[in-house]
Amino acid sequence: MAEKINPQADPYFIDFPRRVRDVQAEMDRRSIDVYLGSRLRTLSWVLDAFCPWRSYLVIPPEGLPTAVTFVIDAARVADDSWLDQEHVLGYGPMGGQDQVTVLHNLLGPHLRDGKGVVGFETGMGTYLPEGHLTQYEHECLTAALPEAQFVNAHEIVDRLALIKDAGTINRFREASRIVDVGHQAVYEAIQDGGYRGMTETEIAGLAAYAMRKAGSEWEWSFTGGNEIASGYRTGLAAGACTPASRRALQAGEPLMVDLHTMFKLGLGDHAHNYFLGPATPRQRWHARNFVDLVELCLGTYRAGVSPSSLADELLDFCEEREFAEYMVPGFEHGIGMMGDEWRIGLNDGPFAYWTNPDHVYQAGEMVICAMQYACSEEEIGFRYENPILITEDGCEAMSKFPLAIEEI
């Protein structure tokens, strides 16, 4: 087991046993006998360990949960997690150790005579490693437990994870501090013409090196790690994902630097923008539009605001300034511990498993303030991303790197 720290002295402490008890209380309220988690967000939120392989979590009505992951990684997951080795099992293609057999053996004892209710996690997501139970897994488990009732119960964890505790918030603050180290390294490398001869991949790498030295565990984004774009690639229509390419940086062009860190499963995500060489008056017009919009957005977030009311106010501003056609009409995405991304709040809106646009923010929620400006015909675009903590009367932006579009 990894060394445990006195929670009173650890700003990153999270009471994971309490989280399990909270899930168990909801299971009891909904008459669920045993919970089968499979989503990455659930694994991170309960285990405090990164699970890159297909993994599962069985939560009994009382007592400790048991995690099941690919056998080649089980020892490491047990070492990282707060659980002991007896509660982190490995599966593999061997007799009695395949996923279905292992899960059947864990679920069965909590179902009297094979009857009872199994809560599981299914649905629809926008990113690949969501982790919903697959149709094949569902068919195998229902065949193995034919008298059990399987009910979708993912909203238990989603609801409990909505308001962030102090340890989670502090992990995000530290991850964002590390992102700022990466941005400073990029700025120092490209200034005074230092960008000449560099490629997007080189920018991504030098930022990663600086952030790793500062304590980052991973450039966590599933959209290509550190996302670097230059020239026309910054202006791709609705281009919110730009994994670094081998394209060389060139004078007279914009540069978008979107960096990602992970610290104790808390995530840093911040994008900063440049012009390489003196900008033209038209480029500066675009830049003023974007910076002013970001400032307005950060000043608008607070408890009681919804994604739709925020968008209405910001898009009105874009119309007044005559640049609405360049804006992607969305200004945030969800965030939580590793794997809890994209959706904001609960999926209780008009489109199943998507954000409810009328979700009302509460103090203690976190999102990524995320904006994309793209003028493809002029080969120019900007991105802003920053984790923010919603408060009663505003928000706390986690990255402190100065907001500007800098001319290098």
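Me: Take a cavity as a set of points, on a 1 Å grid over the protein atoms alone, where a 1.4 Å probe fits but cannot get out. How much space lies in the largest cavity?

Reply: The largest cavity holds about 140 Å³, a volume being the space filled by probe spheres set on the points, with grid points joined across faces, edges and corners. The model is a predicted one, in which local features need pLDDT of at least 70 and side-chain atom pairs count only at pLDDT 80 or more, while totals for chains, interfaces and linings use all residues. Residues are numbered from 1 along each chain as its sequence is written, and side-chain values use heavy atoms, with hydrogens and water left out.

Me: How many cavities of 30 Å³ or more are there?

Reply: The count comes to six cavities of 30 Å³ or more.

Me: Back to the largest cavity: which residues lie nearest its centre?

Reply: L162, K164, D340, R343 and G345 lie nearest the centre of the largest cavity. They belong to a lining of 14 residues, where a lining residue has an atom within 4 Å of a point.

Me: And how does that lining of the largest cavity divide by class?

Reply: Six of the residues are nonpolar, two polar and six charged. Here Ala, Val, Leu, Ile, Met, Phe, Trp, Tyr, Cys and Pro count as nonpolar, Asp, Glu, Lys and Arg as charged, and the others, Gly among them, as polar. β10 (332-335) and β12 (366-375) each supply at least two residues of this lining; helices (H or I, at least four residues) and strands (E, at least two) are DSSP runs numbered from the N terminus.

Me: What lines the second largest cavity?

Reply: The second largest cavity has about 50 Å³ of space. H270, A271, H272, N273, F290, V291, R383, Y384, P402, L403, A404 and I405 line the second largest cavity. Strand β9 (266-275), helix α9 (281-300) and strand β13 (380-391) each give at least two residues to that lining, and β9 has the largest share, with four residues. The classes are eight nonpolar, three polar and one charged.

Me: Changing topic, how much space lies in the largest pocket?

Reply: About 920 Å³ lies in the largest pocket, a pocket being an open set with protein on both sides within 12 Å along at least five of seven lines. The lining of the largest pocket comprises 35 residues, and G330, E332, H333, W342 and A370 lie nearest the centre. Elements giving two or more residues to this lining are β8 (254-263), α10 (307-321), β10, β11 (341-342), β12 and β13. The lining of the largest pocket divides into 19 nonpolar, nine polar and seven charged residues.

Me: On to helices. At what angle do α9 and α10 pack?

Reply: α9 and α10 pack at about 155 degrees, with axes 11 Å apart. Axes are lines fitted to C-alpha atoms, for helices over the stretch in contact, and angles run from 0 to 180 degrees between N-to-C directions. The two helices are therefore roughly antiparallel; angles under 35 degrees count as roughly parallel, over 145 as roughly antiparallel, 65 to 115 as roughly perpendicular and the rest as oblique.

Me: What about α7 and α8: at what angle do they cross?

Reply: The axes of α7 (residues 166-190) and α8 (residues 200-213) cross at roughly 135 degrees and come within 8 Å, which means that α7 is oblique to α8. The crossing of α7 and α8 is right-handed. Among the contact residues are I178, V179 and G182 of α7 and I203, L206 and M211 of α8. This contact has 12 nonpolar residues, one polar and no charged.

Me: And which residues join α4 to α5?

Reply: Helix α4 (residues 99-107) and helix α5 (residues 135-144) have axes that come within 10 Å and cross at roughly 50 degrees, which makes α4 oblique to α5. V100, L103, H104 and L107 of α4 meet C140, L141 and A144 of α5. Six of these are nonpolar, one is polar and none is charged.

Me: One last thing: where is D48 found?

Reply: D48 is in the loop between α2 (40-47) and β2 (56-59), and its phi is positive, near 60 degrees. D113, in the loop between α4 and β5 (116-120), also has a positive phi, of about 55 degrees, although it is not a glycine. Most residues other than glycine have a negative phi.

Terms used:
Contact means heavy atoms within 4.5 Å. A crossing is left-handed if the near helix is turned anticlockwise from the far one by less than a right angle, and right-handed if clockwise.
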